[in-house]
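Subject: Handover of a structure

Dear colleague,

Please find below the structure that I am passing on to you. My findings follow directly after it.

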Amino acid sequence: MELLKEIANISGQSGLYRILKPTRTGVIVESLDGKKARSVVGANARVSVLKDISVYIEDHQDAAMPLANIFLKIRETHGEKIELNTKNATEADLFDFLGTVVPNFDRERVHGSDVKKMINWYNIISQNLPEAFEVEEATEEAVETEETKAEEA
């Protein structure tokens with residue numbers, strides 16, 4: 001999930017954006033949809049890179065699980081698309097969904113709107129940037145191969 005360091009959410013704009021390169025006044029981004037529209041986002045815009053986002057868990061007071069790990073668990077349990085309709089889902093439905101993936105998430109500090117965003121972001125990345133998941137699978141295979149070689153030596 002190394003590609004998450006290139007994917008961002010821009011406050012006030014819907015969808016996700018791939019960060020292409022910096023400019024003197026901000027960054028050039030490309031929308032992760034069929035249009036692939038490019039635009040410049042100013043330095044004063046609130047840009048959240050998905051690699052830096054985590055979800056609170058109950059193990060310790062400041063414990064959190066990275067979004068990349070949550071996306072990988074979603075991929076294992078739900079496949080390429082999450083079928084839950086976030087527009088009609090109740091907060092209980094959203095928490096039940098997240099509970100199947102991360103049973104120990106902090107229900108007091110994680111909001112239903114956060115879970116909606118995660119579901120929508122997962123579906124966008126899965127549909128428009130499936131290689132984000134393939135890279136991780138290839139890395140896991142390489143680690144397993146190296147471990148096997150180390151055991152044989």
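Predicted model: local features only at pLDDT ≥ 70, side-chain atom pairs only at ≥ 80, totals over all residues.

Helix packing

In this model, helix α1 (residues 67-78) and helix α2 (residues 91-101) have axes that cross at roughly 95° and come within 9 Å of each other. The two helices are therefore roughly perpendicular to each other. On the side of α1, the contact is made by Ile 70, Lys 73, Ile 74, Thr 77 and His 78. Helix α2 contributes Phe 97, Leu 98, Thr 100 and Val 101. By class, the residues of this contact comprise five nonpolar, three polar and one charged.

The sheet

Five strands make up an open sheet with the order β4-β3-β2-β1-β5, and their pairing is antiparallel. The edges are formed by β4 (38-42) and β5 (47-49), each of which pairs on one side only. On average, and with direction ignored, neighbouring strands of the sheet are turned by 45° against each other.

Two of the strand pairs may be described individually. Strand β3 (residues 26-31) is joined to β4 by five bridges, and the two run antiparallel. The strands β3 and β4 form a hairpin, with six residues between them. In the turn of that hairpin, Lys 36 has a positive phi of about 55°.

Strand β1 (residues 7-10) pairs with strand β2 (residues 17-22) over two bridges, again in the antiparallel sense. Here Ile 7 stands opposite Arg 18 in β2.

The largest pocket

The volume of the largest pocket is about 410 Å³. It is lined by 17 residues, of which Ile 53, Ser 54, Asp 114, Lys 117 and Trp 121 are the closest to its centre. Which elements each supply at least two residues of the lining? They are β1, β5, β6 (54-56) and α3 (112-128). The largest share, four residues, comes from α3. In terms of class, the lining of the largest pocket has nine nonpolar, four polar and four charged residues.

With kind regards

Key:
Residues numbered from 1 in each chain as written. Heavy atoms only, no water. Axes fitted to C-alpha atoms, helices over the stretch in contact; angles between N-to-C directions. Parallel < 35°, antiparallel > 145°, perpendicular 65-115°, else oblique. Contact = heavy atoms within 4.5 Å. Nonpolar A, V, L, I, M, F, W, Y, C, P; charged D, E, K, R; others polar. Pairing = 2+ DSSP bridges. 1 Å grid on protein atoms, 1.4 Å probe; cavity = no way out; pocket = protein on both sides within 12 Å on 5 of 7 lines; lining within 4 Å. Points joined across faces, edges and corners; volume = space filled by probe spheres on them.
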